[in-house]
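Colleague: I would like to learn how to read a model like this one. Please take me through the packing and the sheet.

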Amino acid sequence: MPTTADRRPVLFTGGTVLTMDDQHTVLTDADVLVVDDRVAEVGTGLSAPDGAEVVDASGGIVMPGMVDTHRHMWQTAMRAYGADWTLTQYFVWYYLEHGAKFRPEDIRAGNLLSAWDALEAGVTTTVDWSHGLQTVDHAEAAVEALRSAPGRYVLAYGNIQAAPWEWTADPAVRSFFGRHRGSDGDMLGFQLAFDVTGDPAFPEKAAFELAQDLGLPVTTHAGVWGATNDDGIRLMHEHGFMQPDTVYVHAATLTTDSYHRIAATGGSVSVSTESEQSAGQGYPPTWQVRRHGIPVSLSMDTSVWWSSDLFSAMRTTLGADRSREHLEAHAAGDTVTHSALRAEQVVEWATRGGAAALGRDDLGRLTAGAKADVVLIKNDDSPVSFPLLNPYGHVAFQAQRGDVHTVVVDGRVVKRDHKLVGADLASVRTEVENTVDHLRAAMGEEVWQQGMNPDLPGEDHKVLDNPYQYTDYRSHTTHGARGTVFGEPNSGR
């Protein structure tokens, strides 16, 4: 990582500033001064310190860096490969058939591409929901990639090729955390990432106990149709493992009882609207979650399918929530006259909401003393850049990644004048091409082509009983075996 000697002050001048403070103060023709790794001052007529870089923000929007709380970064090397997949096909491809083919260098390639991808779009903090870590070598490669890009990251350690109670018991995994936690200051954090199947025996208890022992938050795919349900939430709650720092991803098919348990224990929900409305986890849940006062953050899930920016996440979330609101009103013979979810709220979810989910009250806002993660949205060459009448609406519905002019992370400029700073994209491209070549060779060209719309395994092509190879409780066979596919025991690999 660069040292503080590489920083110099940065002064944004004359912009519309979305402070995202407690009052959501919006300042016009205002300045933001960054000194070292902090926001030093926000106001008007600020003076530039000696040696400062001055960025003309007039006609633009200065806002906090965005926070993505759930992104499978390792899958970015497969960008758009699964554009037409359903969730079942995703499970088949990654969980059951081909995910194990990814080598450590393939994890590195996907993470590195995804890291620069996020920064280019103004996402300054990303949770790497890294469930492709079959070995500690894979985890080392993931960390190496994250350290190679100048963003802020949280590695959520996971492994879909083994049971959570198995891989968390590996001494090498515990040793991994011992080596890396705290070594990058506040630029690299850690979580444990695993799902709770609802098995009445609650074998995931051991994984939660490790998380508690290490002081690591848990992030889990909850309320996913055909995979995780209310039983998992109930078991977590009954065993005391629902904590304020627990992040429930999707949470799209839960009942009111589960939402009450999440609300009562202070957890938050990471909503991936593009994913939920396309893949089949369930209807994007903000229309339910906000009724219970549950904190929300936004995420894009995976580039194997969807957009890799939070502008898309904001606009699709507004669309899905409002669509549901109108649908329910029309079914009752009523009409919605005022939308319950406003643009201002989704901008908060993309900034402060993500920061809160990670326990980082120094992120997601532009106030004196906050961490200097800053984004300038400005594009003088675009007719979409004016007029600027409703800045929240502009961010949520008008802006795109190409409008991100400047990005500052921890006080360092990582994108300037619409171009990334220090990104060796030619080298990244080579790594990603090597991964694609490896996968095509390992699968064979016919299988590779068929994988863009894969058939379900098994002679009868039955729907998945459940996607988790490591549990088969739903088919009343033994725990710990290599699982159930389409109602029949899977012999494993």
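Modeller: Start with a helix pair: helix 7 passes helix 8 in a left-handed crossing. Left-handed means that the near helix is turned anticlockwise from the far one by less than a right angle; clockwise would be right-handed. Helices (H or I, at least four residues) and strands (E, at least two) are DSSP runs, numbered from the N terminus. This is a predicted model: local features need pLDDT of at least 70, side-chain atom pairs count only at pLDDT 80 or more, and totals for chains, interfaces and linings use all residues. Residues are numbered from 1 along each chain as its sequence is written, and side-chain values use heavy atoms, with hydrogens and water left out.

Colleague: Within what distance do the axes of helix 7 and helix 8 come, and at what angle do they cross?

Modeller: Axes are lines fitted to C-alpha atoms, for helices over the stretch in contact, and angles run from 0 to 180 degrees between N-to-C directions. Here helix 7 (residues 230-238) and helix 8 (residues 256-265) have axes that come within 9 Å and cross at roughly 35°.

Colleague: Which residues make the contact?

Modeller: Contact means heavy atoms within 4.5 Å. Helix 7 contributes Asp230, Ile233, Arg234 and His237, and helix 8 contributes Ser258, Arg261, Ile262 and Thr265.

Colleague: In what sense do strand 10 and strand 11 pair?

Modeller: Two strands pair if DSSP finds at least two bridges between them. Strand 10 (residues 218-222) and strand 11 (residues 247-250) pair in the parallel sense, over four bridges. His221 stands opposite Val249 of strand 11. Strand 11 also pairs with strand 12 (residues 268-271), in the parallel sense over three bridges. There, Val247 stands opposite Ser268.

Colleague: What is the order of the strands in the open sheet?

Modeller: Eight strands form it, in the order 6-7-8-9-10-11-12-13, with parallel pairing. Strand 6 (66-71) and strand 13 (296-298) stand at the edges with a single partner strand each, so one side of each has no neighbour in the sheet. The twist averages 25° from one strand to the next.

Colleague: Which helix lies across strand 6, strand 7 and strand 8?

Modeller: Helix 2 (residues 104-120) does, running at about 150° to strand 7. Helix 11 (residues 310-331) packs on the sheet too, touching strand 6, strand 7 and strand 13, and its direction makes about 85° with that of strand 6.

Colleague: What should I check in the backbone?

Modeller: Most residues other than glycine have a negative phi, and most peptide bonds are trans. Ala80 has phi near 70°, a positive value. Ala80 lies in the loop between strand 6 and helix 1 (87-98). The peptide bond from Phe386 to Pro387 is cis, with omega near -5°. Pro387 is in the loop between strand 14 (374-377) and helix 13 (391-398).

Colleague: How many helices and strands are there in the protein chain?

Modeller: There are 15 helices and 19 strands. The C-alpha trace spans about 70 × 60 × 45 Å along its principal axes.
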